[in-house]
Amino acid sequence: MNLLVTGAAGFDEVPGLHEVAKGLDVCFAKDSVELVKTLPGAEIMLGWNFKGNRLPDYWHLANELKWIHWCGAGVDGVLFPELVASEVMVTNARGVFDRAMAEYVLGMMLAQAKDLPHTLELQAKRGWQHRLTETLHRRKVVIFGVGSIGREISRMLKAVGMQVAGVGRTARENDVDFGTIHSKVAGAELVREASWVIGVLPATTETAGYFDAEFFANMAPSARFINIGRGAAVEEPALIDALTSGAIAG
């Protein structure tokens, strides 16, 4: 079997590849020039680095391709019409990033609540300043996106004593991680009392521009917004306006 690794120049750039690629003929395509050379005859493709993905441009060269494994949770970057219409199987790395992303969110929340950027500035100047900071305990959080990453975030934030609500496409009860999953309409009301709003939405036609001016206007002036989902879900000018006007805290 021929394995093509895109976005990497060699084994050293892909941890663990030596182990999973035993018995395979492996080639690498760091850029589009190499992709043109290596795509014909490739039966398996490992999408390692997503920047500059040119697969749609050279899809006509994929004459033997049977399986694409995309090293990301979202596969929107590779789902172009020709691939969707083909019989090529596409898999993703769902679950791999759950814990790492949850720790990132908690880290960012602590950094903002404890004013860590200012602390580091003072440290660099060998200074000290007494000041009040915030606690996360019992603060309300609303998570938009209740997939595996959103669920791991919920579990981690509950472990530090936060009150967590989840918003999904459809409302439902008795969820193992969230208890109640709220509808989008209910979510718009929940953010009014939230100290933190976390976006974990994928890129779809339904989520494009979801976090808009009206959404940020519903948030409390003391609330902060963290987006680890797709950027297309956020109307960036609206977010900038909310920040510069003080409509939200961060």
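Visitor: What share of the 250 residues of the protein counts as buried?
Guide: This is a predicted model, in which local features need pLDDT of at least 70 and side-chain atom pairs count only at pLDDT 80 or more, while totals for chains, interfaces and linings use all residues. Residues are numbered from 1 along each chain as its sequence is written, and side-chain values use heavy atoms, with hydrogens and water left out. A residue is buried under 20% relative accessible area, exposed over 50% and partly exposed in between (1.4 Å probe, protein chains only). Of the 250 residues of the protein, the buried share is 40%.

Visitor: How many helices and strands does the protein have?
Guide: The C-alpha atoms fill a box of roughly 60 × 50 × 35 Å along the principal axes. Helices (H or I, at least four residues) and strands (E, at least two) are DSSP runs, numbered from the N terminus. By this rule, the protein has nine helices and 11 strands.

Visitor: In what order do the five strands of the parallel open sheet lie?
Guide: Strands pair if DSSP finds at least two bridges between them. The edge strands, each pairing on one side only, are β2 (25-29) and β5 (89-91). From one strand to the next, the twist averages 20°, an angle taken from 0 to 180 degrees between the N-to-C directions of axes fitted to C-alpha atoms. The order is β2-β1-β3-β4-β5.

Visitor: Which residue of β2 is the bridge partner of N2?
Guide: Strand β1 covers residues 2-6 and pairs with β2 in the parallel sense over five bridges. In β2, the bridge partner of N2 is D25.

Visitor: In what order do the six strands of the mixed open sheet lie?
Guide: Here the edges are formed by β8 (172-175) and β11 (224-227), each of which pairs on one side only. The twist averages 25° from one strand to the next. The strand order is β8-β9-β7-β6-β10-β11.

Visitor: Which residue of β10 is the bridge partner of V142?
Guide: β6 and strand β10 (residues 196-199) are joined in the parallel sense over four bridges. The partner of V142 in β10 is V197.

Visitor: Why does the pair of F144 and F215 count as edge-to-face?
Guide: The structure holds 11 aromatic pairs, where rings of Phe, Tyr and Trp (its six-membered ring) pair if their centres lie within 6.5 Å, and planes under 30 degrees apart count as stacked, over 60 as edge-to-face and the rest as tilted. F144 is in strand β6 (residues 140-144) and F215 in helix α8 (residues 213-218), 71 residues apart, and both are buried. Their ring centres are 5.2 Å apart, and the pair is edge-to-face because the planes stand at 75°.

Visitor: Which residues form one aromatic cluster with F144 and F215?
Guide: F144 and F215 belong to one aromatic cluster.

Visitor: How much space lies in the largest pocket?
Guide: A pocket is found on a 1 Å grid over the protein atoms alone, as an open set of points where a 1.4 Å probe fits, with protein on both sides within 12 Å along at least five of seven lines; lining residues have an atom within 4 Å of a point. Of the 38 lining residues, G147, V200, L201, P202 and A203 are the closest to the centre. Helix α6 (residues 148-159) gives the most to this lining, with four residues. The space in the largest pocket is about 1000 Å³.

Visitor: How many nonpolar, polar and charged residues line the second largest pocket?
Guide: The second largest pocket has a volume of about 280 Å³. Of its 14 lining residues, L3, L17, V20, L46 and H69 lie nearest the centre, and β3 gives the largest share of the lining, three residues. By class, the lining has 12 nonpolar, two polar and no charged residues.

Visitor: Is T205 buried or exposed?
Guide: T205 is found in the loop between β10 and α8. Its C-alpha atom lies 36 Å from that of V20, which is 185 residues away in sequence. Because its relative accessible area is 78%, T205 is exposed.

Notes
Grid points are joined across faces, edges and corners, and a volume is the space filled by probe spheres set on the points. Ala, Val, Leu, Ile, Met, Phe, Trp, Tyr, Cys and Pro count as nonpolar, Asp, Glu, Lys and Arg as charged, and the others, Gly among them, as polar.
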